[in-house]
Amino acid sequence: MTSKLIQPPYLKAGDTVAIVAPSGILKNRDEEVGRAVALLDSLGLNVVVGKHVFNQADHFAGTDDERCEDFQNALDDPAISAIWCARGGYGTVRILDKLDYTKFKNHPKWIIGYSDITALHNQIHNEGYQSIHALMGVSLTKDLDEIKDTVDTFVSTIFGNPVDYTLEGSSYNRVGESSGPLVGGNLTMLHTMLGSETSIDVTGKILFIEEIGEYKYHIDRMLQSLKRAGYFDHCKGVIVGDMSKLRKNTTLWGTSVEQLVLDALSEYDFPIAFNMPAGHEKDNRAMVFGKSIILKVEKGSSRIIFQD
């Protein structure tokens with residue numbers, strides 16, 4: 001599927017953003033959510049916080065039904081222009097099949113988040129809509145200057161000015177130029193979706209991946225699984241974000257994670273760009289998923305240019 005995805009209206013002053021928690025528990029995170037509300041307020045936006053955001057049900061921010069209720073209410077409300085996920089963790093996959101996008105399609109809105117929220121990005125993409133991969137409410141630090149680029153690109157993007165990126169070069173970059181809609185997210189979540197109706201068809205598209213807290217052999221195993229399922233057969237390019245806090249196995253992998261990616265994708269000829277500052281680090285730049293980009297990869301640097 002390469003038809004153009006529907007772009008929800010970008011935000012403007014006076015619009016309303018809903019903060020919801022479809023995944024992990026927000027224990028003792030009131031202060032961070034307060035910062036998220038303050039940021040949106042400073043931008044001239046109205047904010048509603050989901051009824052169940054601070055609920056606790058074991059690992060999760062409320063039961064599956066409670067988290068689904070908050071998200072569904074935000075999807076259905078025509079007065080809400082964006083849904084900003086408070087945090088990731090784990091749990092979104094448990095509510096995917098409960099969600100109904102009928103009213104959302106009458107009043108499309110931006111879904112914003114990363115990590116576990118990749119499950120929602122996939123689902124929204126398959127419904128035919130763009131979404132925003134960006135920081136979440138609990139990402140905000142006391143001093144926003146610490147994450148200035150993260151916040152600035154988030155603000156620019158939600159107000160309709162997606163930011164183009166020049167990436168630091170890498171000797172591992174596979175040189176080339178390509179174009180297509182940008183899709184992807186957290187590698188574990190993309191792998192988790194495999195075989196379900198929420199899996200993305202990356203035909204004609206450029207795939208972004210990032211990961212945290214995995215062994216290298218886990219990353220290889222996921223890439224091999226995706227490859228064996230034909231995931232990359234008609235892909236137009238890969239952008240690799242942060243591979244954070246990789247764990248060390250007692251039997252060392254033997255190569256860098258960059259070489260691991262290149263080896264796993266060695267039979268394809270599409271460009272591969274490393275060093276996209278997005279993922280589980282403080283520098284987490286915003287990207288519009290489903291929007292077409294031009295990807296230019298050289299050894300010295302790479303360019304990601306968003307198209308109208």
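In this predicted model, strands β8 (residues 206-212) and β9 (residues 237-244) pair in the parallel sense over 6 bridges. Ile-206 has Gly-237 of β9 as its bridge partner.

Both strands belong to an open sheet of 7 strands. Its order is β6-β13-β12-β7-β8-β9-β10, and the pairing is mixed. The edges are β6 (165-168) and β10 (272-273), each pairing on one side only.

A further open sheet has 6 strands in the order β2-β1-β3-β4-β5-β11. Its pairing is also mixed. At its edges stand β2 (46-49) and β11 (287-289); each has a single partner strand, so one side of each lacks a neighbour in the sheet. On average, neighbouring strands here are turned by 25° against each other, direction ignored. Within this sheet, β1 (residues 16-20) pairs with β2 in the parallel sense, over 4 bridges. Val-48 in β2 is the bridge partner of Ala-18.

| Strand pair | Sense | Bridges |
|---|---|---|
| β8 and β9 | parallel | 6 bridges |
| β1 and β2 | parallel | 4 bridges |

Now the helices. Helix α7 (residues 216-228) packs with helix α8 (residues 257-264) at an angle of about 20°, and their axes are 10 Å apart. Angles under 35 degrees count as roughly parallel, so α7 and α8 are roughly parallel to each other. The crossing of α7 past α8 is right-handed. From α7, the contact uses Lys-216, Ile-219, Asp-220, Leu-223, Gln-224 and Lys-227. From α8 come Val-257, Leu-260, Val-261 and Ala-264. By class, this contact of α7 with α8 has 6 nonpolar, 1 polar and 3 charged residues.

Conventions:
Residues are numbered from 1 along each chain as its sequence is written. This is a predicted model: local features need pLDDT of at least 70, side-chain atom pairs count only at pLDDT 80 or more; totals for chains, interfaces and linings use all residues. Side-chain values use heavy atoms; hydrogens and water are left out. Axes are lines fitted to C-alpha atoms, for helices over the stretch in contact, and angles run from 0 to 180 degrees between N-to-C directions. Helices (H or I, at least four residues) and strands (E, at least two) are DSSP runs, numbered from the N terminus. Angles under 35 degrees count as roughly parallel, over 145 as roughly antiparallel, 65 to 115 as roughly perpendicular and the rest as oblique. A crossing is left-handed if the near helix is turned anticlockwise from the far one by less than a right angle, and right-handed if clockwise. Contact means heavy atoms within 4.5 Å. Ala, Val, Leu, Ile, Met, Phe, Trp, Tyr, Cys and Pro count as nonpolar, Asp, Glu, Lys and Arg as charged, and the others, Gly among them, as polar. Two strands pair if DSSP finds at least two bridges between them.
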